Amino acid sequence: MRLAFAGLGVMGFPMAGHLARAGHQVTVFNRTPEKRERWVAQHGGRAASTVAEAAEGAEVFLLCVGADDDVRQVVGEALPALPLGAVVVDHTTASALVAKEMAAVAKAAGLGFVDAPVSGGQAGAENGQLTIMCGGEPAAFETVRTVVAPYTKAIRLMGGPGAGQLTKMVNQICIAGVVQGLAEGLHFAKRAGLDPQAVYEAISKGAAQSWQMDNRWPTMSEGRFDFGFAVDWMRKDLGLLLEEAQRNGARLDMTALVDGFYAEVQQMGGARWDTSSLVARLEAPK
């Protein structure tokens, strides 16, 4: 298929690469020319100098950008250039409100729109093992499901426009609690004089087991955080879901608390550290 992909960050760059390796005709756009040229050098395809140029003739237009206003700008520039019947796929973690807004704008233009935030981080994008939660019309979703298969571990339509973004918010709520619990458990183990590796081996096959424990306990034990999903990004996501909770009345006491803890990590200089850096806050001198 003729595809366009806008946003070649740590997620978008490998995701677009998987599409090219699957045999699709991929045109990419990134605000930084160097990134789009580097992508073409690695994967072939074509680099466009504007969003509209990338979107021209594309059957599916995918984007993975920063925040709501970025989504509005990119989709707004792409829509006039897309052919009737094309589908816009937004992999950005954004608000449910902007997803509904963009779905309405796309529908009025004779186009489909699917909000499709992802989970799995940079490693998941590079290894083609992302979980994708979608909101939109079933027909558009079926097109999306087939196209994104090269980088998908699991995908599900959660409901109408915005449902994908709401599900991603649930994902981030759960991660926040697990990582804080893991940080406190490791901190307690060290203060109690236990061997962190021995503790991991003792508890990681029981009810305490989690993806975060299996993948982050060793690096947290060593104080290594220069990788993974950045604290800045997590705070953006937590801000979105806390705003949504104010609208729907959900009580997110723990999530709000952990958001404050991440703010402390930012003040420590950890804005670009992995989210597992919550343990650094506990171990910092008072």
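These legends walk you through several close-up views of one predicted model. Residues are numbered from 1 along each chain as its sequence is written, and side-chain values use heavy atoms, leaving out hydrogens and water. Because the model is predicted, local features need pLDDT of at least 70 and side-chain atom pairs count only at pLDDT 80 or more, while totals for chains, interfaces and linings use all residues.

**View 1. The largest pocket and its lining.**
Rolling a probe the size of a water molecule over the atoms shows where empty space is left. Here a pocket is an open set of points on a 1 Å grid over the protein atoms alone, where a 1.4 Å probe fits, with protein on both sides within 12 Å along at least five of seven lines. The largest pocket has a volume of about 1300 Å³, where volume is the space filled by probe spheres set on the points, joined across faces, edges and corners. Its lining is made of 49 residues (those with an atom within 4 Å of a point), and Met11, Gly121, Gln122, Phe229 and Trp233 lie nearest the centre. Which helix gives the most to this lining? Helix H6 does, with six residues. Helices (H or I, at least four residues) and strands (E, at least two) are DSSP runs, numbered from the N terminus. Among the other elements that supply at least two residues each are strand S8 (130-135) and helix H11 (231-248).

**View 2. Helix H9 and its buried side.**
In H9 (residues 196-203), look for Pro196, Val199 and Tyr200, which are buried; buried means under 20% relative accessible area, exposed over 50%, and partly exposed in between (1.4 Å probe, protein chains only). These three cover an arc of only 100° around the axis, so they sit on the same side of H9; the arc is that of the directions from the helix axis to the C-beta atoms. The buried residues pack against H8 and H10, with contact meaning heavy atoms within 4.5 Å. On the face turned away from the buried side you will find the exposed residues Glu201 and Ala202. At the start of H9, a side-chain oxygen of Asp195 comes to within 3.2 Å of the backbone nitrogen of Gln197.

**View 3. Thr93 and Ser95 in the loop between S5 and H5.**
Is Thr93 buried or exposed? Thr93 is buried, because its relative accessibility is 13%. The side chain of Thr93 makes a polar contact of 2.7 Å with the side chain of Lys168. A polar contact is a pair of N or O atoms within 3.5 Å; within protein, one must be able to donate a hydrogen and the other to accept it, and residues adjacent in sequence count only if both atoms are side-chain atoms. Ser95 is buried too, with a relative accessible area of 5%. A polar contact of 2.6 Å joins the side chains of Ser95 and Asp68. The C-alpha atoms of Ser95 and Glu243 are 9.1 Å apart, though 148 residues separate them along the chain.

**View 4. Gly128 in the loop between H6 and S8.**
Gly128 counts as buried at 5% relative accessibility. Leaving aside neighbours within four places in sequence, Gly128 is in contact with residues including His18 and Tyr151. The C-alpha atoms of Gly128 and Thr152 are separated by 5.7 Å.
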